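Take a look at the structure below. The paragraphs that follow lead through it, from the whole chain down to single residues.

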Amino acid sequence: MISIPYGKTHIDCDFPCKAVLTSRVDQLKSDVSGRELVERAMENPIGSEKLSQLAVGKKTCTIIISDHTRPVPSRDILPPMLRQLREGNPDIAVTLLVATGFHRLTTTAELENKLGPEIAAKEKIVVHNAFDPDSNVQIGILPSGAPLVIDRTAVETDLLISEGFIEPHFFAGFSGGRKSVLPGVCDKTTVLGNHCGEFIASPCARTGILEGNPLHRDMVAAAEMAKLRFIVNVVIDDNKKTVAAFAGDFRKAHEAGVAFLRPYCEVKAVPGDIVITSNGGAPLDQNIYQSVKGLTAAEASAKEGAVLIMCAELADGTGGEGFYQSLKNCASPADHFAKCAATPQNEAIPDQWESQILARILMKHRVIFVSRPEMEKTLREMKLDYAPDLSTAVAMAKADKGEEAEITVIPNGISVMVKE
């Protein structure tokens, strides 16, 4: 019996399977606390002086921190960072800049929950707003030609540093490192330019790929131009507990973290006629938009013309009106993908990247969602199929692929990097 995450519960899968692909992240263990792991990493930074040394002679420091959408254990990371800064320079003025990227603004309650009441009350905090041109300033042009427009708080500081975590990312390769700057604290103009149709269409814009990835290239350039001097990035387990930490130069420390994590996440593709997956349950399976991430893992382990089955509760519906309308109103997934890929960089629109990736998958595969009955109409409008339970979905898939169809199961599609 295979347990597939679904909302806050799970779905049992007892069908004969060709393969079950799972990550080994649950094998990551630590005998010490997350904070101690961070402190050890900061005592031995990679490719950089200690943060206390970098703070000497600086009047101001901005720490880019993650927002409410990311499970970064800031309570492990920030206290050691603040301590080292003030050991090196007791008078340094510190500002925490919340990297909301293209998301909504983080609330005060969310900040208190994330940082703890003491840091939330004591430290100066600025929440980045990608949609407020007055709070952002252009500092250059990225290799792609897109303008680099970032938060003034990141520009008008003597020392720019960041926290974050490293996990596989379905088009940037991996999270962490340079992503604190782009998209983290960039204006919408820069984010849209980075997530443009041409870049998303690149075969290198995939989970686990950094080399040749055009989004990654611009992200690194943005961090360099913004003068990001030091990062503290962690790896977390399935329970969101810190199990490894990396500190130092934003390139070298991130590369070390990626090298550490990769073997735990990477699995070899076992192509199936039918591929069953999930988006890891709640909160990540809350809408169709987020579920595209898990579908990319199924796509990477599917035979040509395979049927993909996504188990997702979709408690929050589609995840965006523009995303929904673009798939509903397009003539075909192929037409939508071509339109997105041909859209000039400076004309990209919000959420275009997510609908483009879903269209890419639909060009090659039938996709069936196992979800709440209330979602059937919406799913079908978006050119997706619906099944009320997994048994029905498998029966639908076998009607297409035959009773002897081989089934590959990826219980948690966002936890693996499928090596094609």
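**From the whole chain to its parts**

The protein chain exposes about 17100 Å². Carbon and sulfur atoms supply 50% of that area. Keep in mind that this is a predicted model. The chain has 420 residues, and 58% of them count as buried. Along the principal axes, the C-alpha atoms fill a box of roughly 70 × 50 × 40 Å. How does the radius of gyration fit a compact globule? A compact globule with 420 residues would have a value near 22 Å, and the protein chain has 22 Å, so the two agree.

Secondary structure comes next. The chain holds 16 helices and 20 strands. Among contacts with a separation of 6 or more, 75% are between residues 24 or more positions apart.

Start with helix H4, which spans residues 108-115. Leu 111, Lys 114 and Leu 115 are buried there. These three cover an arc of only 80° around the axis, which puts them on the same side of H4. The other side of H4 carries Ala 109 and Asn 113, which are exposed. What do the buried residues of H4 pack against? Their partners are strand E4 (60-66), helix H3 (74-88), strand E5 (93-99), helix H5 (117-122) and strand E6 (124-127). Just after H4 comes Gly 116, with a positive phi of about 95°.

Asp 134 sits in the loop between E6 and strand E7 (136-141). Is Asp 134 buried or exposed? Its relative accessible area is 64%, so Asp 134 counts as exposed. Asp 151 lies 17 residues from Asp 134 along the chain. The C-alpha atoms of these two residues are separated by 9.2 Å.

Now turn to helix H12, residues 321-329. Its buried residues include Phe 323, Tyr 324, Ser 326 and Leu 327. They cover an arc of only 165° around the axis, which puts them on the same side of H12.

Leu 295 is found in H11. With a relative accessible area of 1%, Leu 295 is buried. What does Leu 295 touch, leaving aside its neighbours within four places in sequence? Its contacts are Leu 308, Met 310, Leu 358, Ile 361, Val 367 and Phe 369. Leu 295 and Cys 311 are 16 residues apart along the chain. Their C-alpha atoms are separated by 9.9 Å.

That brings up the cysteines. A disulfide is a covalent bond between the sulfur atoms of two cysteines. How many disulfides does a search of the whole structure find? The search finds zero. Take Cys 186. Its closest cysteine sulfur is in Cys 196, 14 Å away, and that is too far for a bond. Cys 186 is also buried, with a relative accessible area of 0%. Cys 311 is in no disulfide either. The nearest cysteine sulfur to Cys 311 is that of Cys 13, 7.8 Å away. For comparison, the cut-off for a disulfide is a pair of sulfur atoms within 2.5 Å. Cys 311 is buried too, at a relative accessible area of 0%.

Phe 170 is buried at a relative accessible area of 7%, and Phe 171 is buried at 4%. Another tilted pair is formed by Phe 260 and Tyr 264. Their centres are 5.6 Å apart, and the planes make an angle of 45°. Where do these two sit relative to each other in helix H10? They are four residues apart in H10 (residues 250-265), so about one helical turn separates them. Phe 260 is partly exposed, with a relative accessible area of 29%. Finally, Phe 102, Phe 131 and Trp 353 form one aromatic cluster.

Conventions
Residues numbered from 1 in each chain as written. Predicted model: local features only at pLDDT ≥ 70, side-chain atom pairs only at ≥ 80, totals over all residues. Heavy atoms only, no water. Buried < 20%, exposed > 50% of the residue type's maximum accessible area, 1.4 Å probe, protein only. Arc of directions from axis to C-beta. Rg over C-alpha atoms; globule rule 2.2 N^0.38 Å. Contact = heavy atoms within 4.5 Å. Areas by Shrake-Rupley, 256 points an atom, 1.4 Å probe, with all protein chains shown as cover. Phe/Tyr/Trp six-rings, centres within 6.5 Å; stacked < 30°, edge-to-face > 60°.
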